[in-house]
Amino acid sequence: MKQPYFPCENLSVKDGVLQFAGQSTAALAAQYGTPLYLLDEARIRQNCRVYLDAFKAHFPAGSLPHYASKANACKAIYRLMTEEGMGVDVVSPGEIFTAKSAGFDLARAFFHGNNKTDVDIAFAMDCGVGCFVVDNEEELCAVEREAAARGRTQNVILRLTPGIDTHTYAAVNTGKVDSKFGAAIETGQAEALTKSALQKDHIALLGFHCHIGSQVFEEDVFERAAVIMIAFMAQMKKAYDFTTQLLNLGGGYGVPYVEADGSIDIPAKIATLAGVINAACAEGGIPVPRIAMEPGRSIVADAGLTLYTVGAVKRIPGYKNYVSIDGGMADNPRFALYKSSYTCFAANRMDEEPDMEASLVGRCCESGDIIQERVPFPSSVGRGDLVAVCTTGAYNYAMASNYNRLCRPATVMLGENGNYVAVRRETFEDLTALDA
Ligand code: LLP
């Protein structure tokens with residue numbers, strides 16, 4: 001039998017059962033029930049260290065990777081980020097509250113968003129968020145107002161669009177001029193926003209931010225973005241004598257979900273990026289600023305796996321086969337939203353030849369409730385079998401809903417000092433807790 005493709009080295013097979021982080025998925029499903037999100041603590045830490053070590057080796061002192069907590073935000077993860085010495089990126093008062101509840105030092109947080117309300121801004125300031133990533137002029141004025149009201153100065157970087165099209169899927173392609181995010185360099189709006197920030201009494205402008213997209217595999221997009229940003233920085237030095245201290249290049253590298261994705265050597269990419277940054281700064285006659293990046297997916301995606309139980313297998317002669325599971329688009333909407341690829345297995349039948357193909361579908365009441373199409377399964381698969389969907393640590397729990405009044409699954413952390421429930425399974429009482 002052909003060895004299956006595993007998107008991450010934390011997957012293996014023992015006695016016909018898929019193992020995740022060295023543990024039996026069958027035993028975990030029996031203990032905690034399904035659907036179930038699993039997280040591999042050692043892998044999260046290892047993924048952080050890849051960025052931390054490369055940053056230390058190649059970027060100026062004070063440079064720091066910030067975990068984009070939108071990928072998966074819960075207290076357990078913020079605690080790991082504290083322990084690993086990562087910064088974080090937060091995008092809402094809810095993420096700020098969660099990070100704070102976990103004891104995360106928000107001085108090491110970037111606060112993002114293209115529409116931060118006055119209430120959000122006040123809350124973030126009162127929680128001590130270190131740096132605001134300001135998106136537009138109206139927001140800049142609101143931050144100035146709130147900082148003035150508190151008699152303090154707020155550290156700020158400005159979100160710019162370098163005008164790069166990453167050719168990832170449209171929903172996550174954000175670096176183009178035509179974007180709801182940031183101020184475009186090309187149109188002069190980036191310069192206008194910079195000028196305005198420099199004139200504000202309660203804004204300390206540290207530098208600039210760009211985020212060109214997510215799940216990006218193209219060879220040199222970070223390098224191209226950096227070159228454009230650094231040329232702008234040199235221009236700001238000339239025009240306003242403004243020295244950029246901090247350049248934040250946004251989200252991290254793409255991760256493999258299926259064999260066709262290939263993989264990225266992150267330390268090598270960061271080394272190359274550093275070379276490009278140093279050269280561009282030398283050419284522009286400006287000092288190399290501190291560098292930040294905001295990896296989300298590449299920190300948690302391959303540290304996650306979802307387990308489901310099969311309820312029914314439907315074979316429609318002349319059409320196709322359907323394997324129905326006890327979760328679906330409510331716990332993983334990514335195929336429904338983006339047609340995202342996943343590697344999936346009948347986790348308790350790993351020693352059987354996958355001799356049929358089926359659509360892996362959820363239990364929600366709509367036909368678009370698909371986790372993956374054309375999944376190879378052994379034809380013996382049936383009710384009670386276990387299905388594993390790999391690489392679900394990013395943007396699954398984070399995007400889960402209660403559609404059809406389904407309870408969100410638990411997240412179990414496969415910890416270095418034992419397993420623990422990082423997020424408990426929702427109950428029917430949770431579902432009705434807010435109802436009048
Ligand atoms: N920084 C900013 C400003 C971002 O907007 C994002 C992602 C990140 C960092 C993290 O990017 P990453 O390292 O995770 O690629 N829901 C979509 C992904 C949306 C990404 C949004 N922004 C998905 O499930 O694929």
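The legends below describe close-up views of a predicted model.

In this predicted model, local features need pLDDT of at least 70 and side-chain atom pairs count only at pLDDT 80 or more, whereas totals for chains, interfaces and linings use all residues. Residues are numbered from 1 along each chain as its sequence is written, and side-chain values use heavy atoms, with hydrogens and water left out.

**View 1. Helix H6 and what covers it.**
Helix H6 runs over residues 137-149; helices (H or I, at least four residues) and strands (E, at least two) are DSSP runs, numbered from the N terminus. Its 13 residues should span 18 Å at 1.5 Å a residue, and the end C-alpha atoms are 18 Å apart, which agrees; the expected span is 1.5 Å times one less than the number of residues. The buried residues of H6 are Glu-139, Leu-140, Ala-142, Val-143, Glu-144, Glu-146 and Ala-147, where buried means under 20% relative accessible area, exposed over 50% and partly exposed in between, with a 1.4 Å probe and protein chains only. Among the elements that cover these buried residues are helix H5 (118-126), helix H7 (189-199) and strand E9 (154-161).

At the N-terminal end, Asn-136 caps H6, with a side-chain oxygen 3.2 Å from the backbone nitrogen of Glu-138. After the helix comes Gly-151, whose phi is positive, near 60°.

**View 2. Tyr-32 in helix H1.**
Tyr-32 belongs to helix H1, residues 25-32. Although Tyr-32 and Val-412 are 380 residues apart along the chain, their C-alpha atoms are separated by 8.2 Å. Leaving out residues up to four places away in sequence, Tyr-32 touches Val-412, Asn-419, Val-421 and Arg-425, a contact being heavy atoms within 4.5 Å. The side chain of Tyr-32 also makes a polar contact with the side chain of Gln-31, at 3.4 Å; a polar contact is a pair of N or O atoms within 3.5 Å, of which, within protein, one must be able to donate a hydrogen and the other to accept it, and residues adjacent in sequence count only if both atoms are side-chain atoms.

**View 3. The largest cavity.**
The largest cavity has a volume of about 40 Å³, and there are two cavities of 30 Å³ or more. On a 1 Å grid over the protein atoms alone, a cavity is a set of points where a 1.4 Å probe fits but cannot get out, a pocket is an open set with protein on both sides within 12 Å along at least five of seven lines, and lining residues have an atom within 4 Å of a point. Grid points are joined across faces, edges and corners, and a volume is the space filled by probe spheres set on the points. The lining of the largest cavity includes Tyr-37, Asn-72, Thr-306 and Tyr-397, and it divides into five nonpolar, six polar and no charged residues.

**View 4. Thr-343 in its loop.**
Thr-343 lies in the loop between helix H11 (334-338) and E16, and at 10% relative accessibility it counts as buried. The side chain of Thr-343 reaches the backbone oxygen of Tyr-257 at 2.6 Å. Not counting residues up to four places away in sequence, Thr-343 touches residues including Tyr-5, Pro-7, Val-258 and Cys-390.

Technical notes: Nonpolar A, V, L, I, M, F, W, Y, C, P; charged D, E, K, R; others polar.
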